Each structure stands twice: as structure tokens, then as C-alpha cells.
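Visitor: I would like to learn how to read the features of a model like this one. Please take them one at a time.

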Amino acid sequence: MQKNQHAPKGFHRLTIEERLDQIASMTELGQDEIQCLKKFGNLPEETANGMVENVIGVMGIPFGVATNLILDGKEMLVPMATEESSVIAAVCNASKQCRSSGGVTSSVSGSEMIAQIQLLGLSNPHYARQVLLEKKEKIRELCDAIDPLLLENGGGFRDLEVRILETRGGTMVILHLIVDTQDAMGANAVNSMAESLAPKIEEWTGGRVNLRILSNLADRRLARARAVWNLEDLGGEQVRDDMLAASWFAEADPYRAATHNKGIMNGVSAVALVTGNDTRALEAGAHAYASRSGQYTSLSRWETDEVGNLVGSLEMPMAVGLIGGATRVHPIAKIALKILGVNKAEDLARVMVAVGLVQNYAALKALATTGIQKGHMALHSKNIAMMAGATGNEVDLLAKRLVEIGKIRTDAAEEELRKIRNWKN
Ligand code: MEV
């Protein structure tokens, strides 16, 4: 509980130690909790403090490795960070079930990002549009001058789009800078270009620039995955047909599509997080892409091949990078990338879309057969065991016991833990 006090001015200038003292005085945190916050683990204190404002600690999230995935003919170990118990197991199981047909095949559309410049106050938007289109080569020159390193690495300005947008507040001219950001996610590169170009845009058109920011609808940076699940491996015709019916439900109904796509993002975001990528940018891009027809729908498609096997395909924006942001700063992100062994951002994008597809398969299969709770709760039973106070080997023992008696609840866990302890003594 907080004591309804305002944090002191200059809180951000305090050391971590001083901030913790402040927080302790403003809340009911005890010494044990303050000591817990002081354990920085594998993200060094100085690094954490340099990453965001007002740091008082770090939060550990389980980091696991999914096995069994074959991607483009290669065996993969996939690092994932997630708090959700069934996510990594789902990737392992679904990847195993498509190994006999060669695993997952992937492709990417490129590495172009879009920066938007919003131009207001123009009485002649159509005229201004043409003026801007004529300046393409000048705009290229100005944008490329902002980031010579990007240019050296094969990236840089690619194209210009100028849109006339009718809004509730009147007509606007929207300029899109299309920039190949190569191995960077690209937010910094394109935002810098848009910001430094803005005065020129005003000078050329007489309008007033308002926003200058990238679009997270990265539809020029798509990643694609496809795979075949043999009928026998997946459990026969009834299972396949029920999985197909589940996927058609998601295609047709936004209420279901939101959950279906959330399942895909369970995998995608877990790889994004552990590699230091921006999970929110990916989530925003995925859901916007899922709405591109005007109706929100599922990102994946499920069909059968000529002999009745289940085939799945997924296409979604995948704005990820290997340089910049937390990727180069967070020691765990560096380790995760080393485990993956990818050298190019597009290779990371391929892994992530593949994980999204197999994750979706696992969810559809569980939902169309036993339901999600059985596997989920079996894994969740360890959390419940720990919540009930189990430690060491008690955790596994108790978790197993809870599954056996079919009561994955803290009250049952506390009772069973008492029995285990009595029995041990
Ligand atoms: C749970 O995190 C994800 C699922 O709800 C996905 C889905 O329903 O497809 C199981």
C-alpha cells in the first residue's frame, strides 16, 4: 500500500540506493522486499540504470529454450522469455509433430520501414503532393546523409509516398519515407530522418509539420512461415477437421481472432523479449496487419493438402533488429542471439514467424482436443506449488500430486504440502 505521498523532486537524480530508501519510506515494503529489489542478477545495476528512468530493481522472467524446431532444413534451439507456463512446451510439441514433413519453411519480404510526416494547414494538398514527389532525389540525399553507417551497410532511403488523408479535423498530407534499415529495427534511424527532413518539407510546401514518427504497421517487412503436419502425426481426420473449424472461426470472428492471434504472439513476443527487441512494436504491427482488409481477422491460414495433411501458413510484419536498443546492451539478449546463431535481422524474423506458426498449431490442437486447461494447469501446478510455500524438491512432488488429484488450487496445495511435510518427518 502507498502512503499517498508525492515522490520528491529530482527522484530521477538519486542513486538506486537512495531511491529505494525513498520508496521504502513511501510504502509498506519491508526490509526483505527491499533486499530482494537489490538483487540485480544477470542485468548489472549500472546497465539497468542506464536503460530506463527511475530504476529500483530488475524483474526476472524465465528464460527457456524450445527444442525440436527444424527451420529451413536446419535444427534450431529457440531462446524464449515468458512468464506463461505452456508457451515453450507448446513450441517443442508442435515443432516435433512437423519434423517428419521437414519442419517449417520461411521467407521475408525485405527490411523496409516507414516513417510518417504529417503536414497540416495546406489549402492545396494535391499540388503539395506533387511538389513533394518531385523532390524525391533531394529527399534521398538528405535522408541518407543522416545515417552514413546505414548506407555503408547497404540500407538507406528507398522511396517516397505522399498520401492525402481526409480526417475529422480536415485534409492532411501524409508523407511516407520508405527506408531500408537492414539489421536495425530502424525506429531511431527513420525517426531521425523524419525529424531532420521536416523543416525542408515545410519550406517546399508552405505547410506545417506536426508528427514525425515511424509506423509500426511494418507491412514492407513481412515474415512468412509455412509447414505441413501429417495426418497421422497430428492425430487423424477428426482432430484435423476440428482444428480447421477452429481456424475458420478465427478468420470470421474478431472476438476469436484476437485470442487466436494472441496465441501466435505468445511465441513471437517471447523470442522478441529475450533478444531485446520491442515486443509492443511487434504486437501493434501484428494486430494492425490483421485488420488490413477492414475487418480484424486471424494472421494465419489453415488448409489441407492434396492427401489430407494439415498445412499452416502465417504472414505478419516482423520489425526486429540485431543492433541497437536492448539487443546490444542486455547480457541475456546477447546470449540469446548467440544461442540462435543468427547474423542477420531477417534470420531472427524467420525464427520468430516460425515460432508464431507452431505456437498457433499447438493452441489449435489443444483447443480442438483436450482443451487448453489440462496442459496449462499441469505446468501451472508448479507455480501453485511455489505459491503454497513448497521449496526444493517439494515443488515437483507437490505439483505432481496436484495434477493426480485434479486440484490445481492454492488451498489444495497448502493442504497437500502439509501432508508431504508430515510424511517426510
Ligand atoms: C493462451 O495464452 C493462448 C490461447 O488462448 C491461444 C488461442 O486461443 O488460440 C490458447
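Guide: Start with contact, which means heavy atoms within 4.5 Å. Helices (H or I, at least four residues) and strands (E, at least two) are DSSP runs, numbered from the N terminus. Buried means under 20% relative accessible area, exposed over 50%, and partly exposed in between, with a 1.4 Å probe and protein chains only. This is a predicted model, in which local features need pLDDT of at least 70 and side-chain atom pairs count only at pLDDT 80 or more, while totals for chains, interfaces and linings use all residues. Residues are numbered from 1 along each chain as its sequence is written, and side-chain values use heavy atoms, with hydrogens and water left out.

Visitor: Which elements do the buried residues of α6 pack against?

Guide: An α-helix has 3.6 residues a turn, so residues three or four places apart point the same way. In α6 the buried residues are I139, C143 and D144. They lie on the same side of α6, because the arc that they cover around the axis is only 125 degrees; the arc is that of the directions from the helix axis to the C-beta atoms. Their packing partners are α5, α7 (148–152), β5, β6 and α8 (187–205).

Visitor: How do α5 and α6 run relative to β5?

Guide: Axes are lines fitted to C-alpha atoms, for helices over the stretch in contact, and angles run from 0 to 180 degrees between N-to-C directions. Helix α5 (residues 125–134) lies across β4, β5 and β6, at about 180 degrees to β5. Helix α6 (residues 136–146) lies across β5 and β6, and its angle to β5 is about 115 degrees.

Visitor: What is the strand order in the open sheet of four strands?

Guide: Strands of a sheet pair through backbone hydrogen bonds, either parallel or antiparallel. Two strands count as paired if DSSP finds at least two bridges between them. Here the order is β5-β6-β4-β7, and the pairing is antiparallel. At the edges stand β5 (156–167) and β7 (208–214); each has a single partner strand, so one side of each is left without a neighbour in the sheet. On average, neighbouring strands of this sheet are turned by 20 degrees against each other, direction ignored.

Visitor: How many bridges join β4 to β6, and how many join β4 to β7?

Guide: Between β4 (residues 112–120) and β6 (residues 170–180) there are eight bridges, in the antiparallel sense. Along this pair, I114 is opposite I178 in β6, and Q118 is opposite I174 in β6. Five bridges join β4 to β7, again antiparallel, with R208 in β7 as the bridge partner of L120. Strand β4 is largely enclosed by the rest of the structure, because seven of its nine residues are buried.

Visitor: Where is the hairpin formed by β9 and β10?

Guide: Strand β9 (residues 300–304) pairs with β10 (residues 310–317) in the antiparallel sense over five bridges. W302 has G312 in β10 as its bridge partner. Five residues lie between the two strands of the hairpin, and G308 in the turn has a positive phi of about 95 degrees.

Visitor: Where do residues other than glycine have a positive phi?

Guide: Most residues other than glycine have a negative phi, and most peptide bonds are trans. N54 is not a glycine, yet has a positive phi of about 60 degrees. N54 sits in the loop between α3 (45–51) and β1 (63–71) and counts as partly exposed because its relative accessibility is 35%. D72 also has a positive phi, near 50 degrees. D72 is in the loop between β1 and β2 (74–81).

Visitor: What is H12 in contact with, beyond its neighbours within four places in sequence?

Guide: H12 is in contact with R19, E53 and N54, leaving aside those neighbours. H12 belongs to the segment before α1 (16–26). E53 is 41 residues from H12 along the chain, and their C-alpha atoms are 6.4 Å apart.

Visitor: Which residues touch the most other members of the largest nonpolar core?

Guide: In soluble globular proteins, nonpolar side chains tend to be buried together. A nonpolar core is a set of buried Ala, Val, Leu, Ile, Met, Phe, Trp, Tyr and Cys residues joined through side-chain atoms within 4.5 Å. The largest one has 60 residues, of which M80, V104, W229, M316 and M318 touch the most other members. Helix α14 (residues 345–368) supplies the largest share of this core, 13 residues. Another core, of 32 residues, lies apart from it and includes A115, L119, V173 and W204.
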